Amino acid sequence: MKKTPWVFTLLLFISVFALSACVPYSFSTPMQIHINAGDKVEHAVIAVDGDGRSHIAGIVADRVVYYRTLHGEPLQKFTMALGGTGPNWKQYNPDIAALNNGTSFVTWVEQRGTTDKFACYLTIPITPPIGGFDKTCHTLDSTDPTAGHVWVVARENTAYAVYDRPYTDGRTSELWYRKLSAWPTYAGRVHWFTERYETAKIYSLDMGIDDDGFLHVGYHYNWTTGGPPPFAERLEIRSNRSINPDGQMNQIWVINTQSGTDEDVPVSLSFFNDGGFQNVALASVEHEGTLDCIFISFCTAAGCVNKGDHAVSLPSSWDTKSVIKDVEILGVGNYLYLGFIGDDDTAPTGAEQVYYTWDPFALPVSMLQPSAGSATFKYDLEMTRVNARPGSSATHFPMMAWGESNMLLNEFFVYEGLTQKVKIYETNCITNLPIGEIASNGVYFSGVWDDCYNTIFSTQAYITDLPLVVK
């Protein structure tokens, strides 16, 4: 379906980091992020603006914090306000997005002394306003609390948040979106479950903004009209490309209504071009008997026509054993890249690996193995696009990141282009899983990783002379 891009690779010189982690010259020295000396910033998330500034949100002692940096040292940092202390006074589930101009949006869930949860957001301008930054919750929903789900996404100069309203048993009754970059902001429903006498439990959700600034939300959930499990399941994509008079999304594709979609593998959404049209794609994993199968469902972003539901054709070794633990897709122009963590080794000692293909529609696909056969547990796969600097002969390349653990060390790796696996950081603290998050904007790339509930930050600072992929 897609032509395979031809590529060349440029080997990077690697320096030895003082803590025995190998870090290439193109990355800044990993450093801990703190709001105050000695604190622990946990559950960090990251976004990058058009000038390469990294915007980080996390949690310190049940409060959401914000940290802005270029290479690690703070440009701005502060803690969100909360009107009380004690049981059920807390903030959690942070997310963050940034516009090209440096304005960032932080979202989180907040409790104010009761079990009620509220979906919050804060707009943070690049320059402190007179009187200083606002540090208080602005509720995404003016009337109702949330079931505890809130997300935010930005592209160029457009940002949206998605949040839910609760049913009485803690399930979701409605899923809403709000355009934060508009003034005044405006909201509409993504999905009104209770209109059809349903409630939902959302397993995973991903979202993105298309070339024309419209929001697309892909999600996997179970639903019921009442009664005990097992519940029915759905996988679907909705968009505000078409809306009802009340703003509710009316571009809807219910991809499947079966219960075979893996509840533990998050869906992944991205965009790619085909035949002059932009497509929205959603990757998911299904259990087919004893085997796992990766599906890529796609349709045109405008109108959701020309639908396709493609089962990725893995090499024949996967016909005997296939275990898929994580999946990511990334669309760039006419190409859709696929990365996943999986295992096709029937031996009891086989370890899962990180795999990557630049053409998931091939029959069968050709795959590379960025993890290079390491006998470790693999976690938390991430993928993002990085552009080459002006004047370079390159155009773009996909960046992948993941964590590995051998039960003695947690290690964090980044995969540049097609052949260069580099270690960003390692730690002998294994009390928590090796997790992190990466972000990019144009030529800029940064990441945050968890080291014993401390946030480690690094950015690709010297990429000017390191193009890796040529289209």
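Trainee: Let's start with C120: is C120 buried or exposed?
Mentor: First, a heads-up: this is a predicted model, where local features need pLDDT of at least 70, side-chain atom pairs count only at pLDDT 80 or more, and totals for chains, interfaces and linings use all residues. Residues are numbered from 1 along each chain as its sequence is written, and side-chain values use heavy atoms, with hydrogens and water left out. Buried means under 20% relative accessible area, exposed means over 50%, and partly exposed is in between (1.4 Å probe, protein chains only). C120 has a relative accessible area of 0%, so C120 is buried.

Trainee: How many disulfides does the whole structure have?
Mentor: A disulfide is a pair of cysteine sulfur atoms within 2.5 Å. One of them joins C120 to C137, with an S to S distance of 2.1 Å. Searching the whole structure for such pairs gives 3.

Trainee: Where in the chain do C120 and C137 sit, and how many residues apart are they?
Mentor: Strands here are DSSP runs of E with at least two residues, helices are runs of H or I with at least four, and both are numbered from the N terminus. C120 is in strand β10 (residues 118-124), while C137 is in the loop between β10 and β11 (138-139). The pair links distant parts of the chain, and the separation is 17 residues.

Trainee: Why is the disulfide of C120 and C137 left-handed?
Mentor: Look at the torsion about the S-S bond. The disulfide is left-handed because that torsion is about -90 degrees.

Trainee: What about C299 and C304: what is the torsion about their S-S bond?
Mentor: C299 and C304 are joined by a disulfide with S to S 2.1 Å. C299 is buried at 0%, and C304 is buried at 5%. Their disulfide is left-handed, because the torsion is about -95 degrees.

Trainee: Is the link of C429 and C452 left-handed or right-handed?
Mentor: The sulfurs of C429 and C452 are 1.3 Å apart in this disulfide. C429 is in the loop between β30 (420-427) and β31 (436-441), and C452 is in the loop between β32 (444-451) and β33 (454-459), 23 residues away. With 40 degrees about the S-S bond, the link is right-handed.

Trainee: Which cysteine sulfur is nearest to C293?
Mentor: Number the bonded cysteines in sequence order and the pairing goes 1-2, 3-4, 5-6. C293 is in no disulfide, and the nearest cysteine sulfur is 19 Å away. That sulfur belongs to C299.

Trainee: Which side chain makes a polar contact of 2.6 Å with T427?
Mentor: A polar contact is a pair of N or O atoms within 3.5 Å; within protein, one must be able to donate a hydrogen and the other to accept it, and residues adjacent in sequence count only if both atoms are side-chain atoms. T427 lies in strand β30, and its side chain reaches the backbone nitrogen of C429 at 3.1 Å. The side-chain partner at 2.6 Å is D451.

Trainee: And E236: which side chain joins it in a polar contact of 2.7 Å?
Mentor: E236 sits in strand β18 (residues 232-243), and at 1% relative accessibility E236 counts as buried. Its contacts (heavy atoms within 4.5 Å), leaving aside neighbours within four places in sequence, include H191, W253 and L282. The side chains of E236 and H191 are joined by a polar contact of 3.1 Å. The partner at 2.7 Å is Y221.
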